Amino acid sequence: MPSWLVSLVAHLAVLLGLALISRSAHQTDRIELQFRQSDDPVADELVEFSIASVAPLDALETSIEEDQVDIEALDSFALIEISDEIFSAVPKLDADLFDPTVSSTSSVAKPENMFEGRRGAMKQKLLRRYGGDQATEDAVSAGLVWLKRQQLRNGSWSLHGPYANGARGENQTSATAMAMLAFMGAGSTHRGGPYQKELLRAARWLVAKQDRQGFLAGSEMGHERMYSQAQATIALCELYAMTGDSWIRPYAQSACDFAVASQSPQGGWRYQPRMDSDTSVTGWFVMGLKSGDAGGLEVDPYIWPKIERYFDSVSQGYTGGYSYMPNLAASPAMTAEGVLCHQYLGRPRTMPGMAQSLDTLVQNHPVKANEADVYYWYYATQALHHYGGPLWNQWNEEMKATLPARQEKRGREHGSWSPTGDAWGGYAGRLYTTCLSIYCLEVYYRHLPLYDHAEVD
């Protein structure tokens with residue numbers, strides 16, 4: 001070999017070695033080698049060479065642009081036109097603004113394997129143990145079939161339609177994330193299950209929206225943005241936790257990083273990053289970060305004590321109840337959401353106020369068909385399932401009778417839940433009421449219980 005070629009090979013080996021050594025074991029960045037045409041005379045020995053092209057992955061071979069939805073085909077409902085100004089208004093975050101000095105007063109629950117009950121024999125065991133039956137499973141199956149029919153050609157879902165009784169405003173980020181969570185709750189992922197193709201298309205659409213800060217909801221409007229961001233974070237984190245798929249990890253990790261960086265000084269989240277907190281938005285972010293934590297993503301541990309501090313500020317303590325914001329009156333929905341978040345933050349089942357809060361919900365605010373509120377039912381069902389015991393049994397008997405009875409049994413919307421009469425249905429629309437109703441009926445196996453129910457029973 002000529003001396004110049006020996007030198008070239010040696011230098012390339014050294015550069016590659018340094019690059020590999022400098023990489024952190026926890027980084028997911030790529031190593032890129034750049035080649036360019038040299039100005040030096042070309043040696044005869046290297047005049048001709050070729051690099052074989054690599055076949056694209058089957059899962060990603062079609063570009064997002066090729067699947068864009070035809071807006072003219074959806075003229076049965078109005079789509080909000082997003083201006084360039086909205087995209088330029090994505091909030092900029094300073095990751096160095098965290099307060100690392102707050103210490104936790106209790107151990108934080110790390111919900112490892114929280115999604116393991118969604119498939120196979122474990123799913124059937126949990127379904128029987130916690131009171132599900134063929135009627136609840138039939139309702140879930142019909143709801144998922146309806147959701148499948150509503151997916152748009154670009155892989156997303158819409159809150160407007162093309163079904164009846166759509167939402168007042170559009171929010172495709174939330175619609176897509178909520179639909180994904182319904183399919184995943186029953187055990188499907190983009191790598192397996194009866195809704196594998198739908199989830200793959202949805203995941204591709206969702207990650208294409210993410211910017212360099214991890215923000216996924218730049219196309220949404222006003223106060224809905226942070227709700228959408230939190231829901232999309234849950235969807236990506238669950239998908240990664242259920243599959244361990246390496247191409248999902250950087251998107252899920254980036255969403256978790258955004259959540260950590262956008263936490264407000266009060267300890268929670270609201271409509272703008274680092275500005276304020278309310279129980280409603282905070283609950284969605286807690287579930288997103290807990291899902292990421294369960295999947296092995298990196299979540300800054302200093303956020304948990306600050307979240308605890310926020311929920312303590314909206315809790316009524318021994319008397320039970322949680323409020324939307326500090327110094328406001330408690331409400332059933334916020335109480336259910338607050339209890340659930342405190343459960344995930346590691347508070348014991350004997351925590352002061354937990355039994356009182358849940359008992360008040362079951363006795364004074366039970367599931368009633370003529371007083372529908374699927375947002376409240378969604379959080380109360382989860383909190384009571386984790387708590388277990390007679391309170392759960394009483395709640396479940398009413399819930400699993402009422403929800404299937406409210407489901408559409410015929411016609412074009414068969415399998416969905418009408419938003420008519422629901423507390424937020426008129427605003428959020430049919431897809432919203434359908435997804436949250438499905439979550440309630442998947443509760444038996446959707447998340448493993450946080451407490452040891454053998455002792456409770």
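Colleague: What makes aspartate 276 and arginine 270 a salt bridge?
Modeller: This is a predicted model, and in it the N to O distance between the two side chains is 3.7 Å. The cut-off is within 4 Å, so the pair of aspartate 276 and arginine 270 qualifies as a salt bridge.

Colleague: Why is aspartate 276 called partly exposed, and why does arginine 270 count as buried?
Modeller: Aspartate 276 has 25% relative accessibility. Buried means under 20% and exposed means over 50%, so aspartate 276 falls in between and is partly exposed. Arginine 270 has 18%, which is under 20%, so arginine 270 is buried.

Colleague: How do you know that glutamate 198 and lysine 148 form a salt bridge?
Modeller: Their closest N and O atoms are 3.9 Å apart, and the limit is 4 Å, so the pair is counted. Glutamate 198 sits in helix α6 and lysine 148 in helix α4, so the bridge ties together parts 50 residues apart in sequence.

Colleague: Are glutamate 198 and lysine 148 buried or partly exposed?
Modeller: Glutamate 198 is at 11% relative accessibility and therefore buried. Lysine 148, at 42%, is partly exposed.

Colleague: Which parts of the chain does the salt bridge between glutamate 238 and arginine 118 link?
Modeller: The closest N and O atoms of glutamate 238 and arginine 118 are 2.9 Å apart. The pair links distant parts of the chain, with glutamate 238 in helix α7 and arginine 118 in the loop between α2 and α3, 120 residues apart. Both residues are buried.

Colleague: How many salt bridges does the structure hold?
Modeller: There are eleven salt bridges in the structure. Asp133, Glu397 and Lys400 are joined in a network of them.

Colleague: Why is alanine 232 called buried?
Modeller: Its relative accessibility is 0%, and anything under 20% counts as buried. Alanine 232 lies in helix α7. Beyond four places in sequence, alanine 232 is in contact with Thr173, Ala177, Leu206 and Leu216.

Colleague: What makes threonine 434 buried, and which residues does its side chain reach?
Modeller: Threonine 434 has 0% relative accessibility, so it counts as buried. Its side chain reaches the backbone nitrogen of tryptophan 417 at 3.0 Å and the backbone oxygen of arginine 430 at 2.9 Å. A polar contact requires N or O atoms within 3.5 Å, so both distances meet that cut-off. Threonine 434 lies in helix α16, and its C-alpha is separated by 9.1 Å from that of tryptophan 146, 288 residues apart along the chain.

Colleague: Why does serine 418 count as buried?
Modeller: Serine 418 is at 18% relative accessibility and the limit is under 20%, so the label applies. Serine 418 is found in the loop between α14 and α15. The side chain of serine 418 reaches the backbone nitrogen of threonine 420 at 3.2 Å.

Colleague: What makes glutamine 263 buried?
Modeller: Its relative accessible area is 1%, against a cut-off of under 20%. Glutamine 263 is found in the loop between α8 and α9. A polar atom of its side chain lies 2.8 Å from the backbone oxygen of glycine 267.

Colleague: Why is leucine 12 called partly exposed?
Modeller: Leucine 12 has 39% relative accessibility, between the 20% and 50% limits. Leucine 12 is found in helix α1. Together with Leu8 and Leu15, Leu12 forms a nonpolar surface patch with about 270 Å² of accessible area.

Colleague: How many helices and strands are in the protein chain, and what share of its residues count as buried?
Modeller: The protein chain has 18 helices and zero strands. Of its 457 residues, 51% count as buried.

Methods: Residues numbered from 1 in each chain as written. Predicted model: local features only at pLDDT ≥ 70, side-chain atom pairs only at ≥ 80, totals over all residues. Heavy atoms only, no water. Patch = residues over 30% accessible without salt bridge, like charges linked within 9 Å, V, L, I, M, F, W, Y side chains within 5 Å. Areas by Shrake-Rupley, 256 points an atom, 1.4 Å probe, with all protein chains shown as cover. Helix = DSSP H or I, 4+ residues; strand = E, 2+ residues; numbered from the N terminus. Buried < 20%, exposed > 50% of the residue type's maximum accessible area, 1.4 Å probe, protein only. Polar contact = N/O pair within 3.5 Å; in protein donor to acceptor, adjacent residues only side chain to side chain. Contact = heavy atoms within 4.5 Å.
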